[in-house]
Amino acid sequence: MGHGGGTEFATALRKFKDRTPHSFETLAARTGISRSALHRYCSGKSVPADFATVERFAKRCGADREELVGLHRLWVRATEPDAPGRDPEPDEPDSSGRAPKPVEPEVPRPQARPTVAVRARWRSRNLVGLAVAFVVGAGLLGVVRGTAGASDDGRLLLSPACKGPVGMGERGECVREVQRLLVEAGGDLDVTGRFIGDTRSLVVAFQTFAGLHDNGVVDTATKQALYDEDVDVSLKTWSKERVADRIREVFDRDGGQAVRTAECQSLLELTTTSQADSTRTWGVFQLSESQLRELDATPADSLDPEWNIRAAHRLWSRHEDFREWPHCNVTVEPVDQL
């Protein structure tokens, strides 16, 4: 690949792959990304259009937060419009010259359910333009969005200093204020002043339980809700150990495979993932929207780990196997061997 950013990006992915003892087949099973796609990405023949794919692969290879930030920068460069080998956008023509059908936008579902957090992955390529603009202007934003101009009552996000939405790629005091408020609500987050994936995950969680549009961007409504004492949202959640123990209790006849399946689906985290058809999967076992409808449940229900685990057991009980999760219906090492 001749594009400098694409070459660097592919080199970084290969380094992550080389850090693990796992084959492409094993990584494909664990990430839900096809073996051929992983080969293309690591060889530089193509670049995934959604960073969530990159993040899932990198986390599986043991990437830490700083490495994910660096990888995001390389991915942004590799997905620039003139970058060869990048995967086409939804509105771009395919190799036959025909433009695929446009994806309908997601309809916000206002759900007001308290208490459980979700770590939502970056789920929309539509935010890339916003992220790039913020990354490029991060230095300027760090200066402009300082403590100067804070509102008289101390609500910095509602002051002129933080005018406009706060989202992916930004850094500075406005981001610190968002992070501080999320931690105050029970979120597990480092207050770094940088708006990256973990911050966006908790923003989505907060928006979901506050009944707001869960787009991961701190808009005016979200700012106001973060300060509103009447908005009773707790972002406290279970540890991975507690999730695994509870799965073994509920799936008493096949607890080991149940834990491995959940680990493959969500890394035992309370995640929300967007699929290629603009639907989402939810929670520990990544239940689909069609499964939630079948169970007469809401996304907020599925983010309660207890409910999610029990719902997954109901699905398992139909045939006493894991056919509901075909991408993870393989034998993989337990969590404590990762």
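**Helix packing and local geometry in a predicted chain**

The crossing of helices α11 and α15 is right-handed, a crossing being right-handed if the near helix is turned clockwise from the far one by less than a right angle, and left-handed if anticlockwise. This is a predicted model, in which local features need pLDDT of at least 70 and side-chain atom pairs count only at pLDDT 80 or more, whereas totals for chains, interfaces and linings use all residues. Residues are numbered from 1 along each chain as its sequence is written, and side-chain values use heavy atoms, with hydrogens and water left out.

Helix α11 comprises residues 240-250 and helix α15 residues 305-317; they pack at an angle of about 35 degrees, and their axes are 10 Å apart. The axes are lines fitted to C-alpha atoms, for helices over the stretch in contact, and the angles run from 0 to 180 degrees between N-to-C directions. On the α11 side, V243, R246, I247 and V250 meet E306, I309, R310 and H313 of α15, where contact means heavy atoms within 4.5 Å. The residues of this contact divide into four nonpolar, one polar and three charged. In this classification Ala, Val, Leu, Ile, Met, Phe, Trp, Tyr, Cys and Pro are nonpolar, Asp, Glu, Lys and Arg are charged, and the others, Gly among them, are polar.

The chain as a whole gives the setting for this pair. Its secondary structure comes to 15 helices and three strands; helices (H or I, at least four residues) and strands (E, at least two) are DSSP runs, numbered from the N terminus. Of the 338 residues, 52% count as buried, that is, under 20% relative accessible area, with exposed meaning over 50% and partly exposed in between (1.4 Å probe, protein chains only). The chain exposes about 16,100 Å², of which carbon and sulfur atoms supply 50%; these areas come from the Shrake-Rupley method with a 1.4 Å probe, and for residues only the protein chains shown count as cover. Among contacts between residues at least 6 apart in sequence, 62% join residues at least 24 apart.

Helix α3 (residues 35-43) has A37, L38, Y41 and C42 as its buried residues. These cover an arc of only 125 degrees around the axis and therefore lie on the same side of α3, the arc being that of the directions from the helix axis to the C-beta atoms. An α-helix has 3.6 residues a turn, so residues three or four places apart point the same way. Just after α3, G44 takes a positive phi of about 85 degrees.

In helix α10 (residues 220-227), the buried residues are T222, K223, A225, L226 and Y227, and they pack against α8 and α9 (197-209). Helix α8 (residues 173-184) contains E184, which counts as exposed because its relative accessibility is 59%. E184 and L226 are 42 residues apart in sequence, and their C-alpha atoms are 9.5 Å apart in space.

V259, in helix α12 (residues 255-266), counts as buried because its relative accessibility is 4%. Its C-alpha atom is separated by 8.6 Å from that of D245, 14 residues away along the chain.

Q286 is placed in the loop between β2 (280-282) and β3 (287-288) and, at 6% relative accessibility, counts as buried. D296 lies in the loop between α13 (289-294) and α14 (299-302) and, at 74% relative accessibility, counts as exposed.
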